[in-house]
Amino acid sequence: MSNASKITSGGHSGQSDALPARAKAAPKGTSSIYRAVWRWHFYAGLLILPFMIMMAITGAAYIYRDEIDDWVYSDLKFVTQMDVPPLPMSTQIDAVRYFVGDTPVKIIPPASPDRSTEIVIATSGGDKRAVYVDPYTGLVLGSMPDRGTVMWLIRRIHSLAEFGTIPNYIIEIASGWSILLVATGMYLWWPQANQKGGVVTLRDTPKRRRWWRDAHAVTGIFIGLFIVFMAGTGMFWSVFWGKYANEFANGTPNGYPSGVRVDVPLSTVPMIEAFGDTGWTTENMPVPLSVDGGPLATGTTAAASPLPQPQTQTRIGIDTAIARFTELGIAPGYAISLPKGETGVYSASVYPNDLDQQRVIHLDQYSGRTLINMGYHDYGIFGRIMELGINIHMGQEFGVLNQIFLLVICALIVFMSVSAGVMWWKRRPAGSIGIPPLPRNARSMTIVAAILAIGGIIYPTVGASMIVIWLLDWLFVARPARAMRTA
């Protein structure tokens, strides 16, 4: 019989009253509940620590997405400021059409006098390219695939979306498991009476396993809540849970911007398709339709009203649309989606660091009438809480302090993950994976699994993965070990 089997083969009655007083006072590390929690904590770490390291590194880089992209693409994004007014946007679009010859679909006017204009075009091949124009001279500076920057690639790697839908599900599972990892880790960390060290201080030296255990536990207890926050807010972008959370937010008064569906004819095109970059709570909100400025019948809603046909072909044009957006007070750095077809609209959106300046405006392309003009404070309470969480997650809301704080958290997540690996390497028996010993009371695994199943209900993909891990543990580890003990 192996040493591991000897450790886990002690008899038990399952009733604490039958245990001697010495057993009752034994360290918690020998209790069945502790071993069950440790086992689940081990499996959670084995499953997601590589993903946590990847997400921490890519997330730390993405915090500085604007700074990095501005440096990498400075020749496209910056121009020499001149003492003359910028050319009208229509003239800049004509320059792009002359040099490139494709159809513009989106425009990002310069956020400051030293920046270029970005005009996204739809090519004849079906893809999109971002073309950069000097707003003072109309000179085309160059182009790249739309969303083809280094930091957009980092963002897609961060979520594994770069590798397809199935890997994107894996990130959703990893985010959910990281919450369970924190919960089980807090239980394992919880100090015993008269414990000295290992609570907020480190014992021994890095040569000893106990130092790595303490470093792992102390780091985890300080950043555990932030890991839960980052994982929870990151779920809003996930394939499965994020989709239904989004639908819930946009299907209730607490999430949907007030007035969106009243007196405004709506299309079936969601804003995420029109803009590509929009607030999480408005991603699936339909874009309104231009109806030549004609008011809808009093007391009717857009969904119940027939769509009037445009009465004239006179359109306001991009220059008038920009003047109108400026008049309405939208913050610099906004993007404009150009009208698609006769019922399309001019749509401007901006999602800056300051949530108070978050804004979406839709204009009728014929009359210039404002169809929708909404900001952060127009969202319901549920939508505002989620947008705040997302803004903090992305390092935006509190400026440089938010960026520095998240950078430290990401660095500590990497250290905590590495320390877990070192601790396991020093603990594992030679030639074994080093799975924590089975609980003496088999029911403890079931009890702990039932508690963790709460997280599996909230995040169904996590729940499905928990069932798979439980079955694999029972088939290939727990059942053979128990068979050896009773042999």
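This is a short chat about a predicted model of one protein chain.

Q: Before we start, what kind of model is this, and how are residues numbered?
A: It's a predicted model, where local features need pLDDT of at least 70 and side-chain atom pairs count only at pLDDT 80 or more, while totals for chains, interfaces and linings use all residues. Residues are numbered from 1 along each chain as its sequence is written, and side-chain values use heavy atoms, with hydrogens and water left out.

Q: What about contacts between residues at least 6 apart in sequence?
A: In the protein chain, 64% of those join residues at least 24 apart. A contact here is heavy atoms within 4.5 Å.

Q: Which way do its side chains point?
A: R359, I361 and L363 point one way from strand 9, and V360, H362 and D364 the other way. In a regular strand the side chains alternate between the two faces of the sheet.

Q: Which strands does strand 9 pair with?
A: Strand 8 (residues 345-350) pairs with strand 9 in the antiparallel sense over 6 bridges, and V345 stands opposite D364 there. Strand 10 (residues 370-375) also runs antiparallel to strand 9, joined by 5 bridges, with T370 as the bridge partner of L363. Two strands pair if DSSP finds at least two bridges between them.

Q: What's in the turn between strand 9 and strand 10?
A: The two strands form a hairpin with 5 residues between them, and G368 in the turn has a positive phi of about 80 degrees.

Q: Now strand 1. What are its partners?
A: Strand 1 (residues 103-108) pairs with strand 2 (residues 117-122) in the antiparallel sense over 5 bridges; I108 has E118 as its bridge partner. Strand 1 is also joined to strand 7 (residues 335-337) by 2 bridges, again antiparallel, and K106 stands opposite S337.

Q: Switching to aromatics: how many aromatic pairs are there?
A: The count is 11 aromatic pairs. Rings of Phe, Tyr and Trp (its six-membered ring) pair if their centres lie within 6.5 Å; planes under 30 degrees apart are stacked, over 60 edge-to-face, and the rest tilted. W211 and W212 form an edge-to-face pair, 4.9 Å centre to centre with 80 degrees between the planes.

Q: Are W211 and W212 buried or exposed?
A: W211 and W212 are both buried.

Q: Why is the pair of Y376 and Y379 called edge-to-face?
A: Because the planes of Y376 and Y379 are at 70 degrees, with the ring centres 6.2 Å apart. Y376 counts as buried at 10% relative accessibility, and Y379 does at 3%.

Q: Which residues form an aromatic cluster with W38?
A: Y34 and Y187 form one aromatic cluster with W38.

Q: Last one: where does the charged end of R428 sit?
A: The charged end of R428 sits over the ring of W424, 5.6 Å from its centre, and over the ring of W425, 3.8 Å from its centre. To qualify, NZ of Lys or CZ of Arg must be within 6 Å of the ring centre and within 35 degrees of the ring normal.

Notes
Buried < 20%, exposed > 50% of the residue type's maximum accessible area, 1.4 Å probe, protein only. Helix = DSSP H or I, 4+ residues; strand = E, 2+ residues; numbered from the N terminus.
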